Amino acid sequence: KIIEILLNFSDKMKNVIIRNIYAVGMHHWGPREIPIDVVLYCKWETMNPRDNCAVAIYADEGLTRTVAYFRREDSCVLYQLFRDKLIEGPCYVKAKKPVSKFSRRTGPMQSVSIGFKSSESNIPGIENITANSERIIY
């Protein structure tokens, strides 16, 4: 037990950024797009009755004001990172470009990046879950 604890303290933290994932549903929560270069936050909604993989995007650090969700394909990947506790601390969201896609089913879609900290030992797990490691920056 003591050895495991000591190993965890020596594990270096890495900043992880995942690019080119899409936010949807902004038109339900207010403006039709996420402001560019504004820091937002995201969290897996474990108790969402419609979708157990839903990851919401919030305007405030207290995670009380929803502004969007990640599209289903992306949230199914992100939820695994939250579920497996590979994301340590807050998870940040930032849009770099205006809305670029529109879908009849989901409405406007905006490409965003997410950033979070994770221990160095979690990086192989993150790469395994994302399976598209060129979208990840350390």
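Colleague: What makes the contact between the side chains of D37 and K96 a salt bridge?

Modeller: In this predicted model, the side chains of D37 and K96 come to 3.3 Å, N to O. The cut-off is a Lys or Arg side-chain nitrogen within 4 Å of a carboxyl oxygen of Asp or Glu, so the pair counts as a salt bridge. D37 lies in the loop between α2 and β2, and K96 in the loop between β5 and β6, so the pair ties together parts that are 59 residues apart in sequence.

Colleague: Why is D37 called partly exposed?

Modeller: Its relative accessibility is 46%. Buried means under 20% and exposed means over 50%, so D37 falls in between and is partly exposed. The phi of D37 is near 60°, a positive value in a residue other than glycine.

Colleague: Why is K85 called exposed?

Modeller: K85 has 64% relative accessibility, and exposed means over 50%, so the word applies. K85 sits in the loop between α3 and β5. Its phi is near 55°, which is also positive in a residue other than glycine.

Colleague: How do you know that K14 and E120 meet in a salt bridge?

Modeller: Their side chains are 3.8 Å apart, N to O. That is within 4 Å, so the pair qualifies. K14 belongs to strand β1 and E120 to the loop between β7 and α4 (123-130), so the contact ties together parts that are 106 residues apart in sequence. K14 has a relative accessible area of 30% and is partly exposed. E120, with 37%, is partly exposed as well.

Colleague: How many salt bridges are found in the whole structure?

Modeller: The search finds 6. One of them joins D84 and R83 at 2.9 Å, N to O. D84 is partly exposed at 37% relative accessibility, and R83 is partly exposed with a relative accessible area of 36%. R71, E73 and D74 are linked in a network of salt bridges.

Colleague: What makes β1 and β7 a pair of strands?

Modeller: They share 10 bridges in the antiparallel sense. Two strands pair if there are at least two bridges between them, so β1 and β7 pair. Within β7, Q110 stands opposite A23.

Colleague: Which strand is joined to β7 by 5 bridges?

Modeller: That strand is β5, and the two run antiparallel. A95 stands opposite V112 in β7. Strand β6 (residues 101-103) also pairs with β7 in the antiparallel sense, over 3 bridges. In β7, G107 is the bridge partner of S103.

Colleague: What makes β7 mostly covered?

Modeller: Of its 13 residues, 12 are buried. Buried means under 20% relative accessible area, so β7 is mostly covered by that test.

Colleague: What is the volume of the largest pocket, and which residues lie nearest its centre?

Modeller: The volume is about 560 Å³. The lining has 20 residues, with V24, D51, Y69, F70 and R72 nearest the centre. The elements that give two or more residues to this lining are α2 (26-29), β4 (66-70) and α3 (72-83). By class, the lining holds 7 nonpolar, 7 polar and 6 charged residues.

Note on methods: Residues are numbered from 1 along each chain as its sequence is written. This is a predicted model: local features need pLDDT of at least 70, side-chain atom pairs count only at pLDDT 80 or more; totals for chains, interfaces and linings use all residues. Side-chain values use heavy atoms; hydrogens and water are left out. On a 1 Å grid over the protein atoms alone, a cavity is a set of points where a 1.4 Å probe fits but cannot get out, and a pocket is an open set with protein on both sides within 12 Å along at least five of seven lines; lining residues have an atom within 4 Å of a point. Grid points are joined across faces, edges and corners, and a volume is the space filled by probe spheres set on the points. Helices (H or I, at least four residues) and strands (E, at least two) are DSSP runs, numbered from the N terminus. Ala, Val, Leu, Ile, Met, Phe, Trp, Tyr, Cys and Pro count as nonpolar, Asp, Glu, Lys and Arg as charged, and the others, Gly among them, as polar. Buried means under 20% relative accessible area, exposed over 50%, partly exposed in between (1.4 Å probe, protein chains only).
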